[in-house]
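Here's a quick briefing on the spaces and packing inside one protein model. Have a look at the sequence and structure first, then go through the notes below.

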Amino acid sequence: EARLLLVRVDYVEGEPETYLLPVAFAEGERAERAISDWPDSIVTRLQYAGRDRTGVIYEATANRDFLRVLVEGLARRRKFKGAAGQLAAVPTEMFRKLRGKGALEPSVLRSDQSNTSVVYGDRMIMKLVRRPYAGLAPDMEIGRFLNTHAPHVSTPRVAGYLEYQRRRAEPITLAIIQEYVHNEGDAWNYSLDVATTFFEQVTSRSATETLHPALPEVSLLDLMHQEPPPLARELMGGYLQSAELLGKRTGELHVALG
């Protein structure tokens, strides 16, 4: 059993912010196991007043059973009652196809990011929105649109979402579940690696070797239709093709949204 808390933080200056905090409670042997297995997830220890019983409140995403319940809720279109509203698990038309058959083992990604991402097997990934706000989340709204109107565009398909619904208020997107795309990193870190290798190659070249070709006297738009110089191809490897493909995919996305 777990709770999804929406915690409002008020500041001395500026607007208040709301944060999503999934928590669960354990006592006895389960509490000791939580302390041993998930020490970083412990929020606080509790002791019952006047009783020789103790327990812990911990961050629920450490518990794989909790993560399984979220996806099972999508499969069954579950609605969970809350103090002032309800949590609705809403699958899209892509959910069953992306989920496939068999059990999906959840695993929290340990990357540095503001949200929490959970991979289910090798099929789906859930982004738990840590700082939610009223209204549709752009990832979900755009993803659903592309699912329906531009399935040919190379973007991860949306399998479903978790939404907090209250009367007379805009819904709040708490989680988005998408197709998991296998990858070897992101374009930013790839670009940094290529730049590092580029400078290493340039500085290791012989001083007598010409590395200063004349700069072209035409605009960047004109250069776009020309082949890159042999020296650029030699020093940058397949990065130029990757950059071209990224531009093409970005263009396809803009055309679809337009």
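**Cavity, pockets and core**

There's one cavity of 30 Å³ or more in the structure. A cavity here is a set of points, on a 1 Å grid over the protein atoms alone, where a 1.4 Å probe fits but cannot get out; a pocket is an open set with protein on both sides within 12 Å along at least five of seven lines, and lining residues have an atom within 4 Å of a point. Keep in mind that this is a predicted model: local features need pLDDT of at least 70, side-chain atom pairs count only at pLDDT 80 or more, and totals for chains, interfaces and linings use all residues. Residues are numbered from 1 along each chain as its sequence is written, and side-chain values use heavy atoms, with hydrogens and water left out.

**The cavity**

- The largest cavity comes in at about 40 Å³, a volume being the space filled by probe spheres set on grid points that are joined across faces, edges and corners.
- Its lining is made up of Leu4, Leu20, Phe66, Leu70, Leu128, Leu162, Leu174 and Ala175.
- Two elements, α2 and β11, each give two or more residues to that lining; helices (H or I, at least four residues) and strands (E, at least two) are DSSP runs, numbered from the N terminus.
- By class, the cavity lining has eight nonpolar residues, no polar and no charged ones (Ala, Val, Leu, Ile, Met, Phe, Trp, Tyr, Cys and Pro count as nonpolar, Asp, Glu, Lys and Arg as charged, and the others, Gly among them, as polar).

**The largest pocket**

- This pocket holds about 1300 Å³ of space.
- It's lined by 33 residues, and Pro156, Val181, Asn183, Gly185 and Asp186 are the closest to its centre.
- At least two lining residues come from each of β9 (124–128), α4 (138–149), β11 (172–179), α5 (187–204) and α8 (239–257), and α8 gives the most, with eight.

- Of its 26 lining residues, Ala2, Arg3, Leu4, Phe80 and Leu87 are the closest to the centre.
- β1 supplies the largest share of this lining, five residues, while the elements with at least two include β2 (17–27) and α2 (64–75).
- This lining counts 17 nonpolar, three polar and six charged residues.

**The nonpolar core**

- The largest nonpolar core has 33 residues, of which Val56, Leu67, Tyr120, Met124 and Met126 touch the most other members; α2 gives the most to this core, with five residues.
- A nonpolar core is a set of buried Ala, Val, Leu, Ile, Met, Phe, Trp, Tyr and Cys residues joined through side-chain atoms within 4.5 Å.
- Beyond residues up to four places away in sequence, Met124 touches residues including Val71, Phe95, Leu104 and Ile177 (contact means heavy atoms within 4.5 Å).

- Thr92 is in the loop between β6 and α3 (95–99) and is buried, at 11% relative accessible area (buried means under 20%, exposed over 50%, partly exposed in between, with a 1.4 Å probe and protein chains only).
- The Thr92 side chain reaches the backbone oxygen of Val158 at 2.6 Å.
- Leu240 is in helix α8 and counts as partly exposed, at 24% relative accessibility.
- Leaving aside neighbours within four places in sequence, Leu240 is in contact with Pro228, Ala232 and Arg233.

How values were computed
Polar contact = N/O pair within 3.5 Å; in protein donor to acceptor, adjacent residues only side chain to side chain.
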